[in-house]
Amino acid sequence: MSGPQGNPQDAPDRDTEDFIRRLAAAARQEQFLTVVSREDALAAFRAAVPHAALAPEMVPLAQALGRVLAGDVASPIDVPPFDRALVDGFALRAADTEGAAPSQPRRLALNREILACGVAPALPVAPGTATPIATGGVIPRGADAVVMVEQTEFDEASLVIDVSAPVRPGQFVGYAGADMALGETVLRKGLTITAREIGMLAACGLAAVPVVRRPRVAILSTGDELVAPGSPLRPGAIYDSNGAIVAASVAENGGEPVALGIVRDDEAALEEALRGALAGHDLVVLSGGTSKGAGDVSHRILGQLGSPGILVHGVALKPGKPLCLAVAQNTPVVVLPGFPTSAMFTFHEFVVPLIRALAGLPPREEQAVAACVPQRVPSELGRTEFVMASLGRGPEGPVALPLPKGSGSVTAFSQADGFFAIPAARSGLEAGEAVSVVRLGAGVRMPDLTIVGSHCVGLDRLVGLLAERGFTARTVWVGSAGGLAALRRGECDLAAMHLLDPETGRYNAPLLDDGMRLAPGWRRLQGVVFREGDGRFEGRSAEAGIAAALAEPDSVMVNRNAGSGTRLLVDGLLKGARPAGFWNQPRSHNAVAAAVAQGRADWGVAIASVAKAYGLGFRPLTEEHYDFAYAGGTEDRPALAAFLSLLGALETAAALEKLGFTPVGEAR
Ligand SMILES: Nc1nc2c(c(=O)[nH]1)N[C@H]1C(S)=C(S)[C@@H](COP(=O)(O)OP(=O)(O)OC[C@H]3O[C@@H](n4cnc5c(N)ncnc54)[C@H](O)[C@@H]3O)O[C@H]1N2
Ligand code: MOO
């Protein structure tokens with residue numbers, strides 16, 4: 001027998017020894033993290049790593065798109081290279097047409113050549129003559145203007161034209177160098193080359209252009225739990241999202257991502273991967289394994305790869321505390337915290353400025369919006385806390401709604417409009433305090449409608465239909481009670497809710513404040529979920545199945561959070577019993593279904609559509625009402641009016657039925 005269960009009298013076996021060694025190593029990490037301020041960390045990094053553009057390289061025009069110009073470009077020729085006709089007509093001497101009028105046309109003899117494009121003129125335009133010329137043709141010697149063919153009378157017999165209005169000198173002539181003059185600086189260093197600049201370079205005859213070499217950034221994700229997207233997910237594993245988001249962000253900021261994949265939490269494997277990454281790259285970005293866990297080894301290896309090694313390990317930031325900045329073999333190495341929001345945040349703060357500087361790009365443009373926080377926002381004293389927020393329209397201007405997702409969230413960064421900071425010296429912001437929200441993307445605009453509350457795939461579908469009608473909606477999932485509270489504070493247009501009032505046994509309506517209105521949404525079938533084939537539930541009613549499960553001491557349930565409508569149903573089923581799993585109280589139908597599907601629990605209560613998505617058995621209990629509350633008097637706002645009319649639309653009813661919900665909207 002092996003493992004920690006072995007006979008205690010035996011000498012510890014290898015597995016036990018390994019277990020103890022790893023735990024002890026993790027405990028020692030405590031001394032590793034020396035937290036410094038964000039400013040000190042940035043200063044240390046800038047002092048050790050030159051933040052300057054890399055050397056230039058020549059690239060052909062076909063590869064120049066998106067690259068950064070490494071030097072000013074002067075035109076080597078005049079563009080256009082010669083004076084040219086801007087219309088189809090005749091090149092002539094303007095002086096010959098002085099005093100011309102319909103009653104007194106001026107007659108000009110035609111020279112015997114036609115100046116099509118690309119033809120070098122052979123004959124001069126002598127006084128009293130003109131030469132046929134095409135748009136783009138070279139203006140011949142002697143001529144100083146062009147008259148349009150339709151403003152002349154041509155006489156075939158005598159090969160003359162009559163001009164019946166005076167022609168201004170220079171008329172319809174495009175002069176050499178008018179667009180770009182020989183020697184003129186036409187493009188400036190540091191500019192990002194777009195299609196327009198490529199056109200200019202081609203017009204000057206340049207086939208290649210000097211651009212800043214793109215920083216090659218090696219990207220590694222560390223963790224035994226990581227699986228590359230596209231592969232099946234084994235139990236306990238998660239997909240490597242940091243690798244993908246870091247690679248894309250490197251490219252977005254002018255770098256060349258070199259994805260080196262996933263490395264196990266193993267010192268030897270990681271050291272080998274790191275040594276490989278250091279060679280031939282301008283920067284190495286790792287994520288994960290920088291904190292204090294037993295598997296967190298990245299930073300330890302960095303101490304062994306050469307001086308100066310680790311510059312900073314621990315920054316007084318939230319998210320992002322365990323960030324590690326190092327230099328080894330003359331190459332900067334950044335270890336981002338594993339949590340996706342922490343990783344992205346520290347990447348934007350510490351890595352983006354370096355990549356942009358190496359790429360020759362100006363610092364990222366940041367736009368800030370003044371807003372106020374609608375509720376108290378707590379924060380940790382001693383760490384500058386950055387709060388991801390979405391912007392909404394409040395009664396007195398923009399409000400910043402903190403997103404209720406933590407560092408582990410992958411969605412916060414994309415669902416947020418921006419972030420605001422709470423200084424290290426504060427333990428929170430008070431309701432109504434002003435903040436400056438730094439916008440994350442230039443193109444983001446405020447949504448037409450903000451919906452806060454409980455998630456439903458039916459609502460996802462409705463938001464899609466609303467978008468087809470030209471209105472954007474922002475959804476923030478904080479649960480039914482959270483949605484109602486947000487509506488009360490004026491933070492949203494709609495609260496999406498399914499709350500059962502225990503006193504009346506009715507859904508939603510009894511819980512609204514005065515002045516709030518309820519728009520009926522749809523019904524969701526709720527029931528007991530279990531794994532197919534579970535003998536306790538197969539062939540039994542919900543109640544009988546639960547009675548069988550409660551009778552078995554080994555069976556484990558999964559509950560729901562207090563305050564949710566589902567919890568009231570569960571309480572009704574349990575009749576005061578507190579079986580194993582009672583205190584496992586997740587906040588969503590999905591979390592309940594996942595717990596049962598993965599065998600962490602045997603039964604719980606969830607809606608039918610979710611049970612189906614997880615392939616679970618289902619015994620119906622009751623129908624839950626999923627409705628929308630809004631403030632009376634706001635229903636005429638265009639986006640809200642469009643949403644309310646969608647609720648009653650046949651198209652919506654069909655879409656909801658397809659998803660397994662029972663629409664009630666038409667009844668209104
Ligand atoms: N005892 C302590 N534990 C933790 C502390 C602490 O101070 N004491 N700090 C916490 C903070 S703050 C953060 S942030 C995290 C960061 O830890 P690591 O950088 O060591 O990251 P891991 O432990 O490897 O992973 C954390 C988390 O993120 C997931 N992860 C990792 N890599 C990826 C990836 N490439 N793609 C998607 N998700 C990833 C990983 O599975 C974990 O769930 O530590 C706290 N702990
Ligand atoms: O720094 Mo961690 O990022 O607080 O979650």
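**View 1. The largest nonpolar core of this predicted model holds 115 residues.** Within this core, the residues that have the most contacts are Val285, Ala389, Ala400, Leu494 and Ala495. Of the elements that build it, helix H7, which runs over residues 340–358, gives the most, contributing eleven residues. Apart from this core lies another one, made of 24 residues, and among its members are Ala542, Val592, Trp603 and Leu616. In soluble globular proteins, nonpolar side chains tend to be buried together.

**View 2. The contacts of Ala400, one of the residues with the most contacts inside the largest core.** When residues up to four places away in sequence are left out of the count, Ala400 touches Ala371, Val373, Ala389, Leu391, Phe420, Val435 and Val437.

**View 3. Helix H15, residues 638–647, with its buried and exposed residues.** Ala639, Leu640, Phe643 and Leu647 are the buried residues in this helix. Seen down the axis of H15, these buried residues fall within an arc of 95 degrees, so they line one face of the helix. An α-helix has 3.6 residues a turn, so residues three or four places apart point the same way. The face of H15 turned away from the buried side carries Pro638 and Ser645, which are exposed.

**View 4. The packing partners of the buried residues of H15.**

**View 5. The surroundings of ligand 2.** Around this ligand stand Lys318, Pro319, Gly320, Lys321, Pro337, Phe339, Ser342 and Ser407. Sorted by class, the shell consists of three nonpolar, three polar and two charged residues.

Methods:
Residues are numbered from 1 along each chain as its sequence is written. Chains are lettered from A and ligands numbered from 1 in the order in which they are written. This is a predicted model: local features need pLDDT of at least 70, side-chain atom pairs count only at pLDDT 80 or more; totals for chains, interfaces and linings use all residues. A residue is buried if 20 or more other C-beta atoms lie within 10 Å of its own, exposed if 12 or fewer, and partly exposed in between; C-beta atoms are placed from the backbone. Helices (H or I, at least four residues) and strands (E, at least two) are DSSP runs, numbered from the N terminus. The arc is that of the directions from the helix axis to the C-beta atoms. Two residues are in contact if their C-beta atoms, placed from the backbone, lie within 7 Å. A nonpolar core is a set of buried Ala, Val, Leu, Ile, Met, Phe, Trp, Tyr and Cys residues joined through C-beta atoms within 7 Å. A residue is near a molecule or strand if its C-beta atom, placed from the backbone, lies within 6 Å of it. Ala, Val, Leu, Ile, Met, Phe, Trp, Tyr, Cys and Pro count as nonpolar, Asp, Glu, Lys and Arg as charged, and the others, Gly among them, as polar.
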